[in-house]
Amino acid sequence: MRNQTRLNGMRRIVWSLLSVALAFALAACGTLDRPTGPLRIADGALVRAADPRIRASDGARLKAFTQEIGGRLRADHPTSILALSGGGANGAYGAGLLVGWTEHGDRPQFDVVTGVSTGALAAPFAFLGPDWDDELREAYTSGAASGILSWRSFAGFLNPSLFSSRVLRDLVDQNVTPELIQAVAREHAKGRRLLVATTNLDDEETVIWDMGLLATQGDDNARELFKEVLVASASIPGVFPPALIAGLQTDNQVALEMHVDGGVNTPFLAIPEELMLWTRPHDEGRVGALYVIVNGQTGRNEGVTPGRLSGILSRTYDSMSKASLRIHLAVTAAFARRNGLDMSLSAIPDNVSASSLKFDQATMTALFDLGRQRGRGPDAWTRLDRQAPDSPLIPATTISKSQVPAALALPATATPTAETPKD
C-alpha cells in the first residue's frame with residue numbers, strides 16, 4: 001500500500017513537470033509583434049494633448065506630481081486617499097467592501113483614488129462614488145469574468161502567454177462607457193485625481209497614469225487609451241499578453257512600449273516612491289486619511305508544502321508576494337505616522353479560502369458578499385499608523401466560521417496553500 005502511494009505521488013510529480021514544461025513550450029510558440037506604428041488606436045483626427053503618464057525617469061513631471069500630492073497634505077484641508085491593490089478575482093472583495101461602506105453611511109468622497117491590476121478596474125467606479133455602486137457590483141458578480149481563464153481563452157500557440165486577453169478586453173469595454181469617461185472628466189475638473197499604475201517592461205519602471213487628464217481629452221482615441229491602460233494594468237505576465245502602448249521617447253521618437261500588470265513593481269499605489277522617505281518640515285497635526293484595500297491576504301499560512309512542483313511554485317509565489325506586500329505596507333505606514341496621515345487597512349481574512357485565479361461567478365459573488373458584509377460593520381479596517389512598537393505591524397485578521405460563506409470555507413484539515421501529507 002505504501003509503495004502504491006509513493007508511485008502515485010511520483011506520477012503526480014511527473015505530470016506536474018510535464019504540464020509546466022508544456023505550458024512554457026506552448027507559450028514560447030507565440031510572439032508579440034512590436035511595430036513602430038500606426039500610432040492612432042481609433043479612427044478620427046489626432047488631437048495634440050498632454051501626456052497622461054508620469055514616468056520615474058521624467059524628473060520634471062515627477063517633481064511636479066510629487067509637489068501636487070505633497071501639497072494636498074494640509075491640516076486646513078484634510079485629504080482622503082484610497083488605494084486599491086491587485087489580486088485578480090479577489091478584486092470582488094474590494095468591490096463588495098466599497099458597496100458595504102456606502103451602506104454603512106460614512107464612505108468619504110476621496111480626493112485621490114489609485115488602482116493597480118484588478119484595483120485599476122474598480123478604481124473608476126470607486127472614484128465616481130456611490131452613484132456607480134450598481135455598475136461596480138455588476139462588473140464583479142455578473143459572471144462576465146468567468147471565461148477569463150477558460151479553455152476558450154487558451155492561446156499558448158498564438159501569444160507569449162497562456163491565455164488571450166479577449167474576455168478581459170470585452171469586460172473593460174463593457175464598463176468603460178462614454179458616460180463613465182465624461183463623469184471622470186467632470187470630477188477631474190474639480191481637482192480630484194484618478195491614478196492607475198502599469199509596469200513598463202522596457203524601462204523596468206512603474207508608470208502612473210493620470211486617468212482624469214486622459215478622460216478630459218474626450219475623443220475616441222482617449223477612450224481607447226483609457227481602456228488600454230486598464231487592460232495593461234491587469235495583464236499578469238505569462239497569463240495574459242502585454243499591452244503595447246505608443247509613447248513619446250526622450251529623443252521625440254514614438255515607440256510602442258510594453259506594459260504589463262502594475263503589481264509587478266508595486267502591490268498598491270499610495271504614495272509616490274520619491275515621497276516615501278519624505279517628512280514634512282513642520283508638524284501640522286492630522287492632514288488626512290489613507291485607506292488601503294488589499295484584495296488578498298496578508299498573514300502567513302502555516303502548513304506542510306506539497307512535494308509536487310505545482311505546490312512548491314504556488315507556495316513560493318504566495319510567500320514572496322505576501323512578504324513584498326507587508327514591506328510595502330510597513331514603509332507606507334511609517335510615512336503616514338511621520339506626516340499626520342491616518343492609515344487604515346482592509347484585507348481578506350486569513351481564515352478564508354481565496355484565490356486570485358478563481359473567476360467563477362459563485363466564488364466572486366461570495367467574495368463580494370463577504371466584503372460587503374465587512375464594509376457594513378465596525379471591523380472592516382485596521383489602523384496601521386497606531387501600531388505599538390512591540391506589536392506586529394499587520395495583525396492577524398480572521399472572522400468567525402459563521403461569517404465565512406460556504407463557497408469560501410477552508411477544508412477542515414488544510415490551509416489555502418498547504419496540504420496534510422498523505423501516507
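Trainee: Which residue just after H3 takes a positive phi, and of about what value?

Mentor: Keep in mind that we're looking at a predicted model. Go to the spot just after H3 and you'll find a glycine there, residue 105. Glycine 105 takes a positive phi of about 100°.

Trainee: How far apart are the end C-alpha atoms of helix H3, and what span should its residues give?

Mentor: Helix H3 covers residues 91-104, which makes 14 residues. At 1.5 Å a residue, that helix should span 20 Å. The model agrees with this, because the end C-alpha atoms of H3 are apart by 20 Å.

Trainee: How many of the residues of H3 are buried?

Mentor: Buried here means under 20% relative accessible area. The residues of H3 that pass include Gly91, Tyr93, Leu97, Leu98 and Trp101. H3 is largely enclosed by the rest of the structure, so the count of buried residues is 11 of the 14.

Trainee: Which helices and strands do the buried residues of H3 pack against?

Mentor: Start with the strands: the buried residues of H3 pack against E2 (79-84), E8 (288-294) and E9 (341-347). On the helix side, the partners are H4 (118-128), H5 (133-141) and H11 (361-376).

Trainee: Which residue meets glutamate 103 in a salt bridge, and how many residues apart in sequence are the two?

Mentor: The side chain of glutamate 103 meets arginine 372 in a salt bridge, at 2.6 Å from N to O.

Trainee: Are glutamate 187 and arginine 192 buried or exposed?

Mentor: Their side chains meet in a salt bridge, 2.9 Å from N to O. Glutamate 187 has 13% relative accessibility and arginine 192 has 6%. With the cut-off for buried at under 20%, glutamate 187 counts as buried, and arginine 192 is also buried.

Trainee: What about aspartate 51 and arginine 53: which of them is buried?

Mentor: These two form a salt bridge, with the closest N and O atoms 3.0 Å apart. Aspartate 51 has a relative accessible area of 27%, which makes it partly exposed. At 6% relative accessibility, the buried one is arginine 53.

Trainee: And how many salt bridges does the count come to?

Mentor: Side chains of opposite charge can pair when their charged atoms come close. The pairs we went through include glutamate 187 with arginine 192. For this model, the count comes to 22 salt bridges.

Notes. Residues numbered from 1 in each chain as written. Predicted model: local features only at pLDDT ≥ 70, side-chain atom pairs only at ≥ 80, totals over all residues. Heavy atoms only, no water. Helix = DSSP H or I, 4+ residues; strand = E, 2+ residues; numbered from the N terminus. Expected span 1.5 Å × (residues − 1). Buried < 20%, exposed > 50% of the residue type's maximum accessible area, 1.4 Å probe, protein only. Contact = heavy atoms within 4.5 Å. Salt bridge = Lys/Arg side-chain N within 4 Å of Asp/Glu carboxyl O.
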